[in-house]
Amino acid sequence: MAKTRGTGLLMVWADIDPQYEAEYHRWYDEEHIAHLLAVPGFLSAGRYEALKGSPKYLALYELEHPDVLRSPAFLEGVRFRPSARRVSSSGGTIGRNYLLNGYRQIFPLKTSPVEQTREPAPFLQMGRIDIPAMAEEEFNDWYNWAYIPTYLTVPGVIRARRFVAVDAQPRYLTVYEFERPDVPESEAWSRARESNPWTRRIRPHMRLDPGSPAVYRRLRPDLKA
């Protein structure tokens with residue numbers, strides 16, 4: 001099977017007003033996704049709509065590694081050479097609360113071969129987080145070895161990954177993959193959230209980006225009912 005995941009992400013968020021949504025979706029579906037997936041190092045893509053939190057729309061691109069975003073094929077072929085349709089229909093033009101960030105995976109450091117061929121998850125929860133430098137080392141140890149392992153035992157959680165921004169803020173991104181959108185409303189999730197006393201020391205230092213954490217439902221590839 002073709003590889004669909006590496007160690008990098010390109011994430012694009014935007015709120016789109018109703019009068020622009022139809023053209024925004026057509027541009028993505030008819031032009032933009034295919035354009036980006038033709039760039040060497042872009043492995044797969046998924047588009048999502050927020051069920052909780054914001055911004056409303058998310059495009060997630062799995063990258064072989066984050067340096068793909070510095071490659072001539074991306075910079076000269078896509079980023080600095082927009083099509084006429086991208087100029088008129090992209091989230092950067094018609095959207096609000098537009099965010100475009102590149103990320104490097106930091107946990108786990110390596111993805112298993114089986115997971116490297118997974119399709120985009122049906123549901124995601126993600127948190128965009130900043131942390132003061134004085135608490136950063138402890139924050140990462142807590143997140144990797146105390147916080148995430150407990151959540152991975154919750155029914156409906158598929159996997160979790162953590163990323164650091166390449167050149168943007170907030171610095172950290174956590175992406176949980178779910179089988180169902182209601183996982184964060186379950187008793188098991190609530191118990192996991194409060195199960196470790198270490199959490200009470202770290203949480204006051206965390207600064208969540210507006211609209212975060214957010215739960216998203218996959219739009220493309222089509223999520224079958």
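Me: Which strand gives the largest share of the lining of the largest pocket?
Reply: Strand E5, with four residues. Helices (H or I, at least four residues) and strands (E, at least two) are DSSP runs, numbered from the N terminus. On a 1 Å grid over the protein atoms alone, a pocket is an open set of points with protein on both sides within 12 Å along at least five of seven lines, and lining residues have an atom within 4 Å of a point.

Me: What kind of model is this, anyway?
Reply: A predicted one, where local features need pLDDT of at least 70, side-chain atom pairs count only at pLDDT 80 or more, and totals for chains, interfaces and linings use all residues. Residues are numbered from 1 along each chain as its sequence is written, and side-chain values use heavy atoms, leaving out hydrogens and water.

Me: Back to the largest pocket. How much space lies in it?
Reply: About 380 Å³. Its lining has 17 residues, and Gln125, Tyr147, Arg193, Leu208 and Pro213 are the closest to its centre.

Me: Which elements each supply at least two residues of that lining?
Reply: E5 (123-130), H5, strand E7 (172-178) and H6.

Me: How do H5 and H6 sit against each other?
Reply: The axes of H5 (residues 136-151) and H6 (residues 187-194) come within 9 Å and cross at roughly 170 degrees. That makes the two helices roughly antiparallel, a label for angles over 145 degrees.

Me: Which residues make the contact?
Reply: Tyr147, Thr150 and Tyr151 from H5, with Trp189, Ala192 and Arg193 from H6. Contact here means heavy atoms within 4.5 Å.

Me: What about the second largest pocket, what is its volume?
Reply: About 270 Å³. It is lined by 16 residues, and the closest to its centre are His32, Val78, Arg86, Tyr98 and Leu100.

Me: New topic. How many cavities of 30 Å³ or more turn up in the whole structure?
Reply: One. A cavity is a set of grid points where a 1.4 Å probe fits but cannot get out.

Me: Which residues line the largest cavity?
Reply: Arg5, Tyr48, Leu60, Glu62, Pro120, Ala121, Leu124, Arg161, Val175 and Glu177.

Definitions and conventions. Axes are lines fitted to C-alpha atoms, for helices over the stretch in contact, and angles run from 0 to 180 degrees between N-to-C directions. Angles under 35 degrees count as roughly parallel, over 145 as roughly antiparallel, 65 to 115 as roughly perpendicular and the rest as oblique. Grid points are joined across faces, edges and corners, and a volume is the space filled by probe spheres set on the points.
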